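I opened this entry to look up how the inside of the protein is put together. I began with the nonpolar residues.

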Amino acid sequence: MILKCPSCQQALIPTQNTYRCSNNHCFDIAKEGYTNLLLAQHKRSKNPGDDNTMMACRQAFLNQGYYQFLVDALVAILDNANDQTLLDIGCGEGFYGHQIKQHYPRAQLAGIDIAKGGVRLAAKRKSNNAPAYTQLAVASAYDLPFMTQNFDCAVSVFSPVDPPETARVLKPGGQLIIVGPAKNHLKGLAESIYDEFKPHANGFRTLEGHPSFERLGSTIIEQNATIEGASIYQLLTMTPYFWSTSEEKQAAIKKRATLSTPLAFEISRYKRL
């Protein structure tokens, strides 16, 4: 997995504490082990992506195991990913990549996210006393910081995917796995916020008919869950629902002891042509 320079697109070569390209562009490796390759002129805000509070809530919620059945489905779909190169697009705080690495310890795993705080948390994930991710970078899914045809598989869980960029970094025949919400996902949470629940629409239309990808199929998995205690507010905070929830309703959700809701995911698979 070779990183590319965001300034001139040349390969970045690791030195002791930096990455440097042939044109002498230099990027520091943070003490946690990640590299920031998101240039200032490409940011839409000072701190793009999900903020640190959202990341912390996501980490706390996911660590409770409510989405374990999604992890199990992903691991089964990957099917013998040992000795492969994997890219976690929109890795956030590293939950899914870490779980995959636990099942496929010989896989080389890279992760990117536009949120620096998330990448910093992902860098702290360990698998067998070693970093779960081989490479981590602060970068955009629309400008992936890797040279062409570096990966056997790319995974995106609730994160945007740019078809041309993803096709560029995948090897021919490589697999792309995208996870998004199925129509009833978090219906119970939404009904506590809105007067009417609107089922989620298909989130994979950007790839349909794209010349670089062949659709292999999709799977919908769903479970009814009872979310308990502090995990309810953590769930709200890690979702886009948080931004449209009034302070009054936030306070009411904080006081709830339990929340019953479907957890529903659509997993779509594509092959790089």
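I am working from a predicted model. I looked up the largest nonpolar core and found 54 residues in it. Tyr67, Leu70, Tyr96, Leu189 and Leu235 have the most contacts inside this core. Helix H2 (residues 68-78) supplies the largest share, seven residues. I also noted a second, separate core of 29 residues. Ile89, Phe151, Leu207 and Phe213 are among its members.

Next I checked Tyr96. What is Tyr96 in contact with, leaving aside its neighbours within four places in sequence? I listed Leu62, Tyr67, Leu70, Val71, Leu74 and Val157.

Leu62 took me to helix H1, residues 52-62. I found Leu62 buried there, along with Met54, Met55, Cys57, Arg58 and Phe61. Viewed down the axis of H1, the buried residues stay within an arc of 165°, so they line one face of the helix. I then asked what they pack against, and noted helix H3 (95-103), strand E6 (108-113), helix H4 (116-123), strand E12 (213-228) and helix H7 (230-237). At the N-terminal end of H1, I found Asp51 as the cap. One of its side-chain oxygens lies 3.2 Å from the backbone nitrogen of Thr53.

Last, I followed E6 to its pairing with strand E9. The two run in the parallel sense over four bridges. Ala110 has Gln135 in E9 as its bridge partner. Strand E4 (residues 35-36) also pairs with E9 in the parallel sense, over two bridges. There, Asn36 stands opposite Val138.

Are the faces of E9 (residues 135-138) covered or open? I found both covered. Gln135 and Ala137 are buried on one side, Leu136 and Val138 on the other.

Note on methods: Residues are numbered from 1 along each chain as its sequence is written. This is a predicted model: local features need pLDDT of at least 70, side-chain atom pairs count only at pLDDT 80 or more; totals for chains, interfaces and linings use all residues. Side-chain values use heavy atoms; hydrogens and water are left out. Buried means under 20% relative accessible area, exposed over 50%, partly exposed in between (1.4 Å probe, protein chains only). The arc is that of the directions from the helix axis to the C-beta atoms. Contact means heavy atoms within 4.5 Å. A polar contact is a pair of N or O atoms within 3.5 Å; within protein, one must be able to donate a hydrogen and the other to accept it, and residues adjacent in sequence count only if both atoms are side-chain atoms. A nonpolar core is a set of buried Ala, Val, Leu, Ile, Met, Phe, Trp, Tyr and Cys residues joined through side-chain atoms within 4.5 Å. Two strands pair if DSSP finds at least two bridges between them.
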